[in-house]
Amino acid sequence: MCEDLTVSVDRLTGLDSSFLHMERAGAHMHVASTSIFEGPEPGIGEFRDHISSRLHLVPRFRQKLRFVPFGQGRPVWVDDPHLNLDYHVRQTALPAPGSEEQLRNLAARIFSQQLDRSKPLWELWLVEGLEGDRFAIVGKSHHALVDGVSGVDITTVLFDTEQEPANPPALPPKWAPRPEPTELKLLGDALRERATSPNEFVRGVRAALRGPRQVLRGFGDTSKMIGAGLAAPPSPFNVEIGPHRRVAFVRSDLGALKQIKNEHGGTVNDVILSVVTGALGNYLRARGHDTEGLEMRAMVPVSVRADEERGALGNRISAMMAPLPVWCEEPVRRLHLITEIMGDLKGSGQAVGAEILTRVVDFAPTTIASQAARLQPAQRFFNLVVTNVPGPQFPLFVLGRRMESIFPMVPLARRQALCVGIMSYDGQVDFGLIGDYDAMADLDSFGLDLEGAIAEIAAVTPGTSSAQRSNRAETRNGALSVK
C-alpha cells in the first residue's frame, strides 16, 4: 500500500536548522535556565506526573528530529513513539551544605553535555538539597526548538500563576503518536519541495520585502549589519573554546534599573548594556589590557515574534551588533553613549537586515546553508552575546512552591568564551553568566565586576543606592551569592 503523501511536513526553518549545523567543536547550541524555588522539593514522581500533565500544551516536547537521507533537505519534526519521561525528567541532589556555588557547578556540568539528537531535545533536572529550604530546576532545550521568548512562554505553561490554582488544568487527552515517516518518504518530500523551490523563493522574497523599494532598502540594511559586525576587535573573550562551561549568577532589582533609566534617560535595556560594558572595561583593565579607545561589539538578539505567534515554538529572532564603549569609565556618560548608539541602530534597520538574511536561508540549498552556518561563528562579527529577555512580572509556582529567581544560560558560539543572559522576573533582573571553562577561569570575578558596575551607577542615582547597598550586603552574607 502506498504511503499517504498528503500529510503536511513539519520541517525546520533555515534559522532553526542552522543551530544544528553550528553545534560542533565544543559549541553546544542549547539554551537553558536554572530556577530556584522556595520550600521543600516535591517528590520526583509527583514532579514527573506534573510535567506529564502539561505536555499536551507543548507538543514539541513529544517530538524528535528525523534527518533527510543524503542531506537533501532540512530535518523534520516527528512524534517520538518511545518518549520516556524517566529520561527527560531527572532527579539529583546537592551534597551538604547545598550552596549556590555547588548549584552553579552542577548547572555548568549539565549545560556542558550535548543533547541526544535521537530523542526529543529537552531535559528537566529536579535538584534537591539547596540551602535555605530551597530546591532548583535546571532545564535545557535545543536552540532549534526554542528562542528566548518562546522559552518564556513554555515556562508559564509548565508552571502555575497561583500557588493553589482555582481551576487546575483538566486531565490531558490520551496521546497517540503518529507513525514515523520512512526514509523513502523523508527523501521524497524533500525532493518534491526542492522541485518547487523557485516558486517558493519568489513568494518568500516578495512576502519578506514587500516591493522593489524595500528590496533595495532591505539589502542595504543587511550590508550595514554585516559592515558593523565585521568591526569586532580582538579580545581575550574570542579564543578557541572547549566543551566545558562555568556559570555565575548576579541579581539586581528591576525597580532600581527603571529608576536609573528615569533619571538618566534611555531604556532599561540601555542601562543593562551600559553596566555590562562597564564590567567588561573593569575586567580587562584589572588584567592589564589597554582599553583606551576600545569599542567592543555585542550581538544583541531581537525578537521579531508577533503577538499572534506567542506560544509557538521555533525561532523568531533577529539581531543587532551593538558597539560597546568599553573605554568610557564614567557610568552616566557611558549610559548616554549607549542610549545614543542603540537609538541609531534601531533607526538603521540592522535588525530588519538580519531578519531578511534569516528568511533567505529558508530558501537556500541545504548544503550551502549548512556551510554558511558553520562558517559564521568562525568570523569575528561580535565579541560576546548579551541577550535580555523580558520574563513574567508575576510569581510562578510549581506544585505550590514559589519560584524565587530564574537565571538564563546562553550557548557559546565558536571562538566566543563569554555570554551574558538576562531575564527579568517578578520585579527583579537575574543575570546568568556563561563562560568557557578554560578561557574564563575567573568568571566569578567578572560577576563581581558586573555587580560593581550596577552599584556604581546606582550610587549616582537618587533612590537606588540604598537598595543596591542592601543587595550587596546580602550577597556578602551568602544569601545571594554571585560566586
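**Entry 1: cores.** I began with the largest nonpolar core and noted that, of its 80 residues, Leu 280, Val 420, Phe 431, Leu 433 and Leu 450 touch the most other members. I take a nonpolar core as a set of buried Ala, Val, Leu, Ile, Met, Phe, Trp, Tyr and Cys residues joined through side-chain atoms within 4.5 Å. Buried means under 20% relative accessible area, exposed over 50%, and partly exposed in between, with a 1.4 Å probe and protein chains only. Helix 10 (residues 268-286) gives this core its largest share, 10 residues. Helices (H or I, at least four residues) and strands (E, at least two) are DSSP runs, numbered from the N terminus.

I then listed the neighbours of Phe 431, not counting residues up to four places away in sequence. Phe 431 touches Ala 248, Phe 249, Val 250, Ser 252, Ile 272, Phe 407, Val 420, Gly 421, Ile 422, Leu 450 and Ile 454, where contact means heavy atoms within 4.5 Å. I also recorded a second, separate core of 32 residues, which includes Leu 12, Phe 47, Ile 51 and Leu 55.

**Entry 2: basis of the values.** The model is predicted: local features need pLDDT of at least 70, side-chain atom pairs count only at pLDDT 80 or more, and totals for chains, interfaces and linings use all residues. Residues are numbered from 1 along each chain as its sequence is written, and side-chain values use heavy atoms, with hydrogens and water left out.

**Entry 3: the chain as a whole.** I counted 15 helices and 14 strands in the chain. Of its 483 residues, 53% count as buried. Among contacts between residues at least 6 apart in sequence, 80% join residues at least 24 apart.

**Entry 4: cysteines.** I looked for disulfides, a disulfide being a pair of cysteine sulfur atoms within 2.5 Å, and the structure holds zero. Cys 328 is buried, at 3% relative accessible area. Cys 419 is buried as well, at 0% relative accessibility.

Entry 5: I traced an open sheet of six strands in the order 4-5-6-1-12-11, with mixed pairing. Two strands pair if DSSP finds at least two bridges between them. Strand 4 (89-93) and strand 11 (397-398) are the edge strands, each pairing on one side only. Strand 1 (residues 30-38) and strand 6 (residues 134-142) run antiparallel and are joined by nine bridges. Within this pairing, Val 31 has Ser 141 of strand 6 as its bridge partner.

I next placed helix 4 (residues 100-111), which lies across strand 1, strand 4, strand 5 (122-130), strand 6 and strand 12 (401-409). Helix 4 runs at about 155 degrees to strand 1; axes are lines fitted to C-alpha atoms, for helices over the stretch in contact, and angles run from 0 to 180 degrees between N-to-C directions.

**Entry 6: helix 1.** Helix 1 (residues 14-21) is largely enclosed by the rest of the structure, because eight of its eight residues are buried. Among them are Asp 16, Ser 17, Ser 18 and His 21. At the start of helix 1, I found a side-chain oxygen of Thr 13 within 3.1 Å of the backbone nitrogen of Asp 16.

**Entry 7: Arg 66.** I located Arg 66 in strand 2 (residues 63-66), where Arg 66 is buried at 14% relative accessible area. Its side chain makes a polar contact of 2.8 Å with the side chain of Glu 183. A polar contact is a pair of N or O atoms within 3.5 Å; within protein, one must be able to donate a hydrogen and the other to accept it, and residues adjacent in sequence count only if both atoms are side-chain atoms. The side chain of Arg 66 also reaches the backbone oxygen of Pro 181 at 3.0 Å. Beyond four places in sequence, the residues touched by Arg 66 include Pro 75, Val 76, Val 78 and Leu 186.

**Entry 8: buried loop residues.** Thr 461 sits in the loop between helix 14 (443-458) and helix 15 (465-476) and is buried at 2% relative accessible area. The side chains of Thr 461 and His 264 are joined by a polar contact of 2.9 Å. Outside four places in sequence, Thr 461 is also in contact with Gln 259, Ile 260 and Glu 263.

Thr 291, in the loop between helix 10 and strand 8 (296-303), is buried at 5% relative accessible area. Thr 291 and Val 326 are 35 residues apart in sequence and 6.6 Å apart in space, C-alpha to C-alpha.

Pro 233 lies in the loop between helix 8 (212-229) and strand 7 (245-253) and is buried at 15% relative accessibility. Its C-alpha atom is separated by 7.5 Å from that of Asn 383, 150 residues apart along the chain.
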